[in-house]
Amino acid sequence: MSEFEQKVLKLLEDINGKLDKLLKTEPAPISSAPTPSAAPSPVPSPAVTTVKPSAIVERQEEAARMEEKPPVEGRRVCPECGGTAFATHEDRNQVLHQMGGVKIYAKRYVCKKCGWEA
Ligand SMILES: [Zn+2]
């Protein structure tokens with residue numbers, strides 16, 4: 001190592017030391033750091049951006065499912081015989097909507113007593 005190189009090294013070390021002191025005494029080192037390498041740049045947390053969209057989709061799917069089902073099962077009354085026991089059938093000819101390859105069919109309610117179809 002030449003004498004010149006050693007001098008440069010020493011200078012660099014001095015500068016490094018001064019920078020360290022500067023950074024330590026500065027009140028807000030991130031916003032006004034003189035060297036970009038000295039301050040660890042604030043890394044945006046990826047967790048926030050990846051969780052949100054899927055959570056919204058899940059909530060929408062859940063809402064769609066809730067809408068599909070009648071809130072109170074068995075409260076249906078047959079207009080023909082007054083029976084409240086119904087069998088539910090998926091009407092495969094009637095697709096309500098499709099979401100991600102999953103088809104949601106309309107439901108038919110068939111009276112267990114007389115066979116009346118809702
Ligand atoms: Zn009936």
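**Exercise 1. Which residues is Asp91 in contact with, leaving aside its neighbours within four places in sequence?**

Solution. Step 1: with those neighbours set aside, the contacts of Asp91 are Tyr105, Ala106 and Arg108. The model used here and in the exercises below is predicted.
Step 1: Asp91 belongs to strand β1.
Step 2: decide whether Asp91 is buried or exposed. Its relative accessibility is 9%. Buried means under 20% relative accessible area, so Asp91 counts as buried.

**Exercise 2. Describe how the zinc ion is held, and name the geometry of its site.**

Solution. Step 1: list the donors. The SG atoms of Cys78, Cys81, Cys111 and Cys114 coordinate the zinc ion, at 2.3 to 2.4 Å.
Step 1: examine the angles. Among the four donor atoms they run from 103 to 116°. Four donors count as tetrahedral if all angles lie between 85 and 135 degrees, so the site of the zinc ion is tetrahedral. For comparison, the ideal angle for four tetrahedral donors is 109.5 degrees.
Step 2: read the donors along the chain. Their spacing is C-x2-C-x29-C-x2-C.
Step 3: locate two of them. Cys81 sits in the loop between α2 (46–68) and β1 (86–99), while Cys111 is in strand β2 (residues 102–111), so this pair ties together parts that are 30 residues apart in sequence.

**Exercise 3. Is Cys81 buried or partly exposed, and is Cys111 buried or exposed?**

Solution. Step 1: Cys81 has a relative accessible area of 34% and is therefore partly exposed.
Step 1: Cys111 has a relative accessibility of 3%, so Cys111 counts as buried.

**Exercise 4. Which residues form a nonpolar patch on the surface?**

Solution. Step 1: the patch consists of Phe4, Val8, Leu12 and Ile15. Together these residues have about 390 Å² of accessible area.
Step 1: take one member, Ile15, which is found in helix α1 (residues 3–25). Ile15 is partly exposed, its relative accessible area being 46%.

**Exercise 5. Summarise the protein chain as a whole.**

Solution. Step 1: count the elements. The protein chain has two helices and two strands, and their order from the N terminus is α-α-β-β.
Step 1: consider burial. The protein chain has 118 residues, of which 14% count as buried.
Step 2: consider the surface. The accessible surface of the protein chain is about 9,900 Å², and carbon and sulfur atoms account for 57% of this surface.
Step 3: consider contacts between residues at least 6 apart in sequence. Of these contacts in the protein chain, 33% join residues at least 24 apart.

Terms used
Residues numbered from 1 in each chain as written. Predicted model: local features only at pLDDT ≥ 70, side-chain atom pairs only at ≥ 80, totals over all residues. Heavy atoms only, no water. Donors = N, O, S within 2.8 Å, 3.2 Å for Na, K, Ca; no water. Tetrahedral: all angles 85-135°; square planar, octahedral: opposite > 155°, others 65-115°. Helix = DSSP H or I, 4+ residues; strand = E, 2+ residues; numbered from the N terminus. Buried < 20%, exposed > 50% of the residue type's maximum accessible area, 1.4 Å probe, protein only. Contact = heavy atoms within 4.5 Å. Patch = residues over 30% accessible without salt bridge, like charges linked within 9 Å, V, L, I, M, F, W, Y side chains within 5 Å. Areas by Shrake-Rupley, 256 points an atom, 1.4 Å probe, with all protein chains shown as cover. Salt bridge = Lys/Arg side-chain N within 4 Å of Asp/Glu carboxyl O.
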